[in-house]
Structures are given as structure tokens and as C-alpha cells.
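Reader: Please walk me through this structure, feature by feature. Give me the general idea, then the case at hand.

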Amino acid sequence: FVLLRHGHAVKRSDWTGQDVDRPLDAAGVDQAEVLVRALAAYGVTRLHSSAARRCSDTVRPYSLTAGVPLAAEPALTEAGFDEAPEAALERAAELLADAARSDEPTALCGHRPYLPALVDHLVGLCPASPTADPWDLPLPDTVPTASLIVLHVHADPGEAGAGERPQALALGSRHHLVAAEL
């Protein structure tokens with residue numbers, strides 16, 4: 001399960017439109033192109049994004065290159081998280097559980113203000129496997145643009161009935177990767 005922060009965007013102070021419509025700047029467009037290789041390396045087959053333009057524009061190059069449909073997640077915009085944080089956390093948990101159940105690599109592009117809380121929440125749902133590296137919680141408040149946070153998860157089929165959300169998810173290794181270092 002790959003969480004990522006959107007690429008570098010036009011500064012809020014330089015944008016006169018709605019924040020949800022704020023686009024990537026030239027550096028962010030370049031970061032989005034670099035992320036194509038990173039997401040391909042993880043074999044992402046499910047792609048979700050905050051409905052904010054800067055998020056969808058960050059993962060759209062991968063969507064187009066890999067032929068993976070891009071699903072917009074209105075609850076995971078900055079405003080959506082601010083208005084209903086529990087609903088946003090629940091939606092991310094559903095995506096994580098679906099990824100674990102289906103064994104399909106999934107990516108979710110979101111925003112810096114809530115990514116540390118989102119990762120804390122998701123990690124808290126997943127008991128670590130005995131071989132997992134320790135997780136340093138919380139993430140710093142300054143998650144760099146176009147950074148990946150990778151959670152290697154699997155469902156424990158003995159813990160969930162057919163059609164139910166897995167009751168146990170185990171985390172394998174997890175790391176924070178900056179796209180610019182790829």
C-alpha cells in the first residue's frame with residue numbers, strides 16, 4: 001500500500017482560484033514523471049487520489065502509462081479531511097483493507113497536513129509481524145513533495161470471513177522514500 005504526497009504545487013499565495021483546483025508547478029510535473037517509475041516498481045494496479053487537482057495530476061502520468069484507472073477520493077482532500085477526519089481515516093482504512101484482501105498493490109495520493117495522522121492511523125490498525133522493522137511514529141510534519149510511504153501488508157485469511165474486512169493485517173517492512181532520490 002503506497003501513500004504519497006502530491007508533487008510540488010503552485011504556491012497558495014500565488015493562486016487565486018479554489019484550493020482544490022490548484023495545479024502542480026513545473027517541478028511538480030517533473031516529479032509526477034519520476035513517480036511513474038517508482039509506482040511501476042511496486043506494480044500498482046489500483047490508484048486512488050484526493051480529488052484535488054494537484055494530487056490527481058501527480059498520479060495521472062502513471063495512470064495513463066500503466067493503464068490503471070484513477071479513482072478520485074473527495075473525502076481525502078484537505079478540506080474533506082478537515083471537515084470529517086474520521087470519515088477520511090475510515091476511507092483510507094477501507095482502501096488498505098481492500099489492498100490486503102485482494103493482494104493488489106494500491107496507491108493513494110494525498111496531502112501533507114494529514115499524511116502523518118493517516119499513516120499513524122493505518123499503522124495502528126495493523127499489528128506488526130514479528131519480522132517487521134520498527135516503525136518510528138509519528139512521521140515528521142514535513143513530508144516532502146512526491147514522497148512515498150510504503151506499507152507492505154497482507155491479510156490473515158484465518159481472521160476474516162468471506163466478504164468481511166480483515167481483522168488482522170500484518171505489516172512487513174516499511175519505508176519512506178523521496179522520489180527525487182530515485
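Author: What follows covers confidence, salt bridges, cysteines and helices.

Author: This is a predicted model: local features need pLDDT of at least 70, side-chain atom pairs count only at pLDDT 80 or more, and totals for chains, interfaces and linings use all residues. Residues are numbered from 1 along each chain as its sequence is written, and side-chain values use heavy atoms, with hydrogens and water left out.

Reader: What pLDDT does the protein chain average?

Author: pLDDT is the predictor's confidence in each residue, from 0 to 100. Here the protein chain averages 83. A score of at least 70 is reached by 76% of the residues. Over residues 158–182 the pLDDT is below 50. That stretch still has 73 contacts in the model beyond near neighbours in sequence. A contact means heavy atoms within 4.5 Å.

Reader: How many salt bridges does the count come to?

Author: The rule asks for a side-chain nitrogen of Lys or Arg within 4 Å of a carboxyl oxygen of Asp or Glu. By that rule there are 11 salt bridges. One network links Arg12, Asp19, Arg22, Arg54 and Glu78.

Reader: Which side chain meets Arg12 in a salt bridge?

Author: Asp19 does, at 3.1 Å from N to O. For burial, the scale is relative accessible area: buried is under 20%, exposed is over 50%, and partly exposed lies in between (1.4 Å probe, protein chains only). Arg12 is partly exposed at 45%. Asp19 is partly exposed too, at 27%.

Reader: Where do Asp19 and Arg54 lie?

Author: Helices (H or I, at least four residues) and strands (E, at least two) are DSSP runs, numbered from the N terminus. Asp19 forms a salt bridge with Arg54, with the closest N and O atoms 2.9 Å apart. Asp19 sits in the loop between strand 1 (2–5) and helix 1 (26–41), and Arg54 in helix 2 (residues 53–66), so the pair ties together parts 35 residues apart in sequence.

Reader: Is Arg54 buried or exposed?

Author: Buried, with a relative accessible area of 1%. Arg54 also meets Glu78 in a salt bridge (2.8 Å, N to O). Glu78 lies in helix 3 (residues 78–83) and Arg54 in helix 2, so this pair ties together parts 24 residues apart in sequence. Both Glu78 and Arg54 are buried.

Reader: How many disulfides does a search of the whole structure find?

Author: A disulfide is a covalent bond between the sulfur atoms of two cysteines. The test is a pair of cysteine sulfur atoms within 2.5 Å. The search finds zero. Take Cys55: the closest cysteine sulfur is in Cys109, 4.0 Å away, too far for a bond. Cys109 is in no disulfide. Cys55 is buried at 0% relative accessibility. Cys109 is buried at 0% as well.

Reader: What should helix 4 span?

Author: The expected span of a helix is 1.5 Å times one less than its number of residues. Helix 4 (residues 85–102) has 18 residues and should span 26 Å. The end C-alpha atoms of helix 4 are 26 Å apart, which agrees. Buried residues in helix 4 include Ala88, Leu89, Leu95 and Leu96. Asp103 follows helix 4, and its phi is positive, near 60°.

Reader: In which helix is Glu33 found?

Author: Glu33 is in helix 1. Glu33 is partly exposed, at 45% relative accessibility. The C-alpha atoms of Glu33 and Thr58 are separated by 8.1 Å. Along the chain, Glu33 and Thr58 are 25 residues apart.
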